[in-house]
Amino acid sequence: MANKTPNRVKPTETELKEKMVSLNRVAKVTKGGRTFSFAAVVVVGDGQGTVGHGLGKARDVSEAIAKAVDDAKKNLIKVPIFKGTIPHEQRGKYGAGKVLIKPASDGTGVIAGGAMRAVLEIAGVQNVLAKSQGSSNPHNVIKATIDALQKLRSPLDISKQRGISLEKVFEG
C-alpha cells in the first residue's frame, strides 16, 4: 500500500495524550424497540507536533472511546511547529468543513473553536489564530484542520528546497 501522506508517524515512537472531541448516542429502531450505540471522535497527540484523529463506534461508551483511540493512532501525522506557532497561514477543507489557521505572536494562546482547539492543542501549537468556516460538524472540522496542518511546510524544508539559507526564507 502506497503511503499517500509523507509526514506519517508510527504510534510507538512517542507517548500520546488523548482528548475526546464528541460523543454521539445513536439509536437504531428495530422490531424489538430502539437499540442504542455510541460514536466517539477522539484526537491523540504528543504535544510536540504529532497529531491524529479517530472514530470509534460501539454499544458502550468506554469501548467506543477505546476503538476511537486505536483508530487515531493509525492516522498520526507530523506537524511543523516553529517557535510555538505554525510557520505560515493555511486553509484546509474536508467536505463542507473549511478552516483557516494563522500564526500568532507569543502570548496569544490558541484562539479556536471546539473541535479545532482540541486538534491544535494536542498537536502542541501554543499560539495560533483559527477560524472554522462552513460546517460545524466536528467530524468535518477535525478532518479539515488536519488537512490544513498536513499542508504546512517547515521553514527548514523550504530553505532546502530552494537551496537558500534559513534566514533568507524570512526576508521579503
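Asn140 lies in helix H3, where helices (H or I, at least four residues) and strands (E, at least two) are DSSP runs that are numbered from the N terminus. The model is a predicted one, in which local features need pLDDT of at least 70 and side-chain atom pairs count only at pLDDT 80 or more, while totals for chains, interfaces and linings use all residues. Residues are numbered from 1 along each chain as its sequence is written, and side-chain values use heavy atoms, with hydrogens and water left out.

Is Asn140 buried or exposed? With a relative accessible area of 17%, Asn140 is buried; buried means under 20% relative accessible area, exposed means over 50%, and partly exposed lies in between, with a 1.4 Å probe and protein chains only. When residues up to four places away in sequence are not counted, Asn140 touches Tyr94, Ala96, Gly97 and Ser135, a contact being heavy atoms within 4.5 Å.

**The sheet with mixed pairing**

Strands S5, S6, S8 and S7 form, in that order, an open sheet of four strands with mixed pairing. S5 and strand S7 (110-111) stand at the edges and have a single partner strand each, so one side of each is left without a neighbour in the sheet. Two strands pair if DSSP finds at least two bridges between them.

| Strands | Bridges |
|---|---|
| S5 (residues 90-94) and S6 (residues 97-103) | five bridges |
| S2 (residues 33-45) and S3 | eight bridges |
| S3 and S4 (residues 77-78) | two bridges |

Within the pair of S5 and S6, Gly92 stands opposite Val99 in S6, and the hairpin of these strands has two residues between them, with Gly95 taking a positive phi near 60°. S6 is also joined by seven bridges to strand S8 (residues 128-134), and the two run antiparallel. Here the bridge partner of Lys102 in S8 is Leu129, and that of Ile101 is Ala130.

Axes are lines fitted to C-alpha atoms, for helices over the stretch in contact, and the angles run from 0 to 180 degrees between N-to-C directions.

**The antiparallel sheet**

A further open sheet consists of four strands in the order S1-S2-S3-S4, with antiparallel pairing. Its edge strands are strand S1 (17-30) and S4, each of which pairs on one side only. H2 packs on this sheet and touches S1, S2 and S3, its direction making about 140° with that of S1. H3 packs on the sheet as well, touching S1, S2, S3 and S4, and its direction makes about 155° with that of S3.

Strand S3 (residues 50-58) is largely enclosed by the rest of the structure, because seven of its nine residues are buried. Between S2 and S3 there is a hairpin with four residues between the strands, and Gly47 in its turn has a positive phi of about 80°. Gly45 has Val51 as its bridge partner in S3, and Val51 also stands opposite Ile77 in S4, while Thr50 stands opposite Lys78 in S4.

In helix H4 (residues 155-162) the buried residues are Pro155, Ile158 and Ser159. Seen down the axis of H4, these buried residues fall within an arc of 100°, so they line one face of the helix; the arc is that of the directions from the helix axis to the C-beta atoms. They pack against helix H5 (166-169), whereas the face of H4 turned away from its buried side carries the exposed residues Lys160 and Gln161. After H4 comes Gly163, whose phi is positive, near 70°.

The charged end of Arg25 sits over the ring of Phe36, 4.1 Å from the ring's centre; a charge sits over a ring if NZ of Lys or CZ of Arg is within 6 Å of the ring centre and within 35 degrees of the ring normal.
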